[in-house]
Amino acid sequence: MATPTLEKTSGTAPSADEHLVTVTFRIRRFNPEEAAEAFWQDFEIRIDPKERVLDALHQIKWELDGTLTFRRSCAHGICGSDAMRINGKNRLACKTLIKDIVGLKNGVGTKPISVEPIKGLTVLKDLVVDMDPFFQAYRDVMPFLITKGNEPTRERLQSAADRERFDDTTKCILCAACTSSCPVFWSDGQYFGPAAIVNAHRFIFDSRDEGAEQRLEILNDRDGVWRCRTVFNCTDACPRGIEVTKAIQEVKQALITRRF
Amino acid sequence: MNKAIETTDPADATYGPDHPAPVIEPPRARTGRSPRTSRTNYELYGWVFMRMSGILLVVLVITHLLIQLVLDGGVSKVSFAFVAGRWASPFWQAWDLIMLWLAMLHGGNGLRTIINDYAERDTTRFWLKMLLYTATVFTVLLGTLVIFTFDPNIS
Ligand code: SF4
Ligand code: FES
């Protein structure tokens, strides 16, 4: 018990922040109550490079500028509320380590780290966007179990192999990183977008579900899977490592084999 | 040292909590009123057609280019007589006809996709597509007419 305390006190004070580095965060700010235009603001902070971008945002909000606005809830990659464009790529701020995205020279970041709201959705303030259209597309694919007949008296059983079939797409946390990285979605928000298709896939390939045909019909339409250009931005963006483009291709394949 | 670096903050006295600036909405956002499914397989057939015609066109067009531009003296050999000679055979007539139709429909459908992707306003989208359809139909009909009514003895 005594040893750690001893070691702590033996450390000299000046070296306490030796592990910290100086990094500049270039953040896209927008406040409709102040100005119509968004602008970039730089914040230079001292931070442990093993911390995450979310920690840096906290430090900025708590110590430098309390008006900085962003969403976060769990801070551990579960709730999906802090997807943002970090250095031009859609990432969860709470899962992106600073050391992974910054070049360091003598303890100073060589380039600023840019942080912007995700694209294709209305920016409400700073990094906060209006997620309604995103969740509307999610609702439109009916992300719930659809069955016919009477309710069974016991749970619906499924083999391990049947469960494996759609395992990948069950991992989605609805962070919108994929949908807001898709160029088709940027130019036409009526496109369902990868996240909605991933969540449709989760039920289409579930052996217990009987609504596959309805969902496929929805995704067969003008704003459905056929608008996908296999750009692969979604697969790259997904913080859960879901093979999003593959899931979309599987839905296309299911449509083709069912229609011919 | 933590510090905020002063940047150009375009603070403007004309906006405030009671009269915020307008936010920029993306074109065509999805709402509860977005059109429901039309229950057609049109997009599916379009997608499959693009793959199939693409494969066929690779063969048709590359062979066509070889014959016209590379083999047997290259482009300098192409004359009225050369074309008349090839179109005397129903095989080459059919070849050119299929190539014309596939290329025009393939390209037309590709452009339709691009217009759907990039035209933001519904009226722009509509008129661009009308222009595209007119041009496609015109070219296809004119080409077909020429292939079928070609007269090698024209003077
Ligand atoms: S598929 Fe991945 S990137 Fe897309 S919403 Fe789900 S978790 Fe986020
Ligand atoms: S804060 Fe919950 S996912 Fe990042």
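Helices (H or I, at least four residues) and strands (E, at least two) are DSSP runs, numbered from the N terminus.

A word on the ground rules. This is a predicted model, where local features need pLDDT of at least 70, side-chain atom pairs count only at pLDDT 80 or more, and totals for chains, interfaces and linings use all residues. Residues are numbered from 1 along each chain as its sequence is written, chains are lettered from A and ligands numbered from 1 in the order in which they are written, and side-chain values use heavy atoms, with hydrogens and water left out.

Now to the two chains. Here 47 residues of chain A are in contact with 45 residues of chain B, contact meaning heavy atoms within 4.5 Å. The area buried between chain A and chain B is about 4100 Å², with carbon and sulfur atoms giving 51%; buried area is the accessible area (1.4 Å probe) that two parts lose on being put together, summed over both.

How many salt bridges are there between chain A and chain B? The count is 1, and in it the side chains of A:Asp140 and B:Arg30 meet at 2.8 Å, N to O. We also have 8 residue pairs in polar contact between chain A and chain B, both residues at pLDDT 80 or more. A polar contact is a pair of N or O atoms within 3.5 Å; within protein, one must be able to donate a hydrogen and the other to accept it, and residues adjacent in sequence count only if both atoms are side-chain atoms.

Which elements build chain A's side? Those giving two or more residues include strand S2 (39-47), helix H2 (53-64) and helix H10 (244-259) of chain A. S2(A) gives the largest share, 8 residues. By class, the side of chain A that touches chain B has 21 nonpolar, 9 polar and 17 charged residues. Ala, Val, Leu, Ile, Met, Phe, Trp, Tyr, Cys and Pro count as nonpolar, Asp, Glu, Lys and Arg as charged, and the others, Gly among them, as polar.

An automatic or database domain assignment gives domain 1 (18-128) and domain 2 (131-148 + 161-257). Their centres, taken over C-alpha atoms, are 29 Å apart. About 1200 Å² is buried between these domains of chain A, 58% of it from carbon and sulfur atoms. On the domain 1 side, A:Asn90, A:Lys119 and A:Leu121 lose the most area, together 37% of what that side buries. Between the two domains of chain A the count is 1 salt bridge; A:Asp236 and A:Arg91 form a salt bridge at 3.9 Å.

Last stop, ligand 1. The residues around ligand 1 include A:Cys172, A:Cys175, A:Cys178, A:Cys238 and A:Arg240, a residue being near if one of its heavy atoms lies within 4 Å. This shell divides into 11 nonpolar, no polar and 1 charged.

Definitions and conventions. Salt bridge = Lys/Arg side-chain N within 4 Å of Asp/Glu carboxyl O.
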